Amino acid sequence: MRRTATRPSPAAEPEGAAAGESAAPEVLAPAPEAPQAAPAAAPQPQQLLRTEFEFELPRGYVDESGTVHRNGTMRLATARDELIPLQDMRVRDNPAYLSVVLLGRVITRLGTLPLVHDGIVENLFASDLAFLQDFYRQVNAEGHTRAGVTCPHCEQPFEVELGGSRLGES
């Protein structure tokens, strides 16, 4: 039995299609749009947490060779930094020693010294120790001392200093 291909009748071809041409692809009407949710709020700029703060000692630490070290860096204290010194026998015998041990943990750099520890801190001048105690409170207890604000007139953002940068200022 022999089969022959049959051509569909002209009635089966779409209108406007000439003999031998394929029919145009079917075009679908766009689907109705779904109601849109309220536009998302503009993303807020991500604020970075500052964890290290530079300082300059009023007098400076004098090492064995006579070199003066004035510039340094202090990091934010952790709960562990404040708890560990409480177990130190020197602190148990003399609670005033707490700030020496604590500062020895959070000062990460002082001049060109390879390492800062409580032995360095206990040999600071009293004015430098008082400065560092105040600086520690500013950085840790009070948080950062600058706040971002926006001008109510021109709407430009800027920063203001909340705490004094020197002892006694506000």
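At 18% relative accessibility, Asp 88 counts as buried, because the cut-off for that class is under 20%. The model is a predicted one. The side chain of Asp 88 forms a salt bridge with that of Arg 90, with an N to O distance of 2.7 Å. Arg 90 has a relative accessible area of 35% and is partly exposed.

Side chains of opposite charge can pair when their charged atoms come close.

Asp 81 is buried, and its relative accessible area is 2%. One partner is Arg 75, whose side chain meets that of Asp 81 at 2.6 Å, N to O. Arg 75 is partly exposed, at a relative accessible area of 24%.

Another partner of Asp 81 is Arg 105, and here the N to O distance of the salt bridge is 3.1 Å. Asp 81 belongs to helix α1 (residues 79–83) and Arg 105 to helix α3 (residues 98–106), so this pair ties together parts that are 24 residues apart in sequence. Arg 105 has 31% relative accessibility and counts as partly exposed.

Taken as a group, Arg 75, Asp 81 and Arg 105 are linked in a network of salt bridges.

Notes. Residues are numbered from 1 along each chain as its sequence is written. This is a predicted model: local features need pLDDT of at least 70, side-chain atom pairs count only at pLDDT 80 or more; totals for chains, interfaces and linings use all residues. Side-chain values use heavy atoms; hydrogens and water are left out. A salt bridge is a side-chain nitrogen of Lys or Arg within 4 Å of a carboxyl oxygen of Asp or Glu. Buried means under 20% relative accessible area, exposed over 50%, partly exposed in between (1.4 Å probe, protein chains only). Helices (H or I, at least four residues) and strands (E, at least two) are DSSP runs, numbered from the N terminus.
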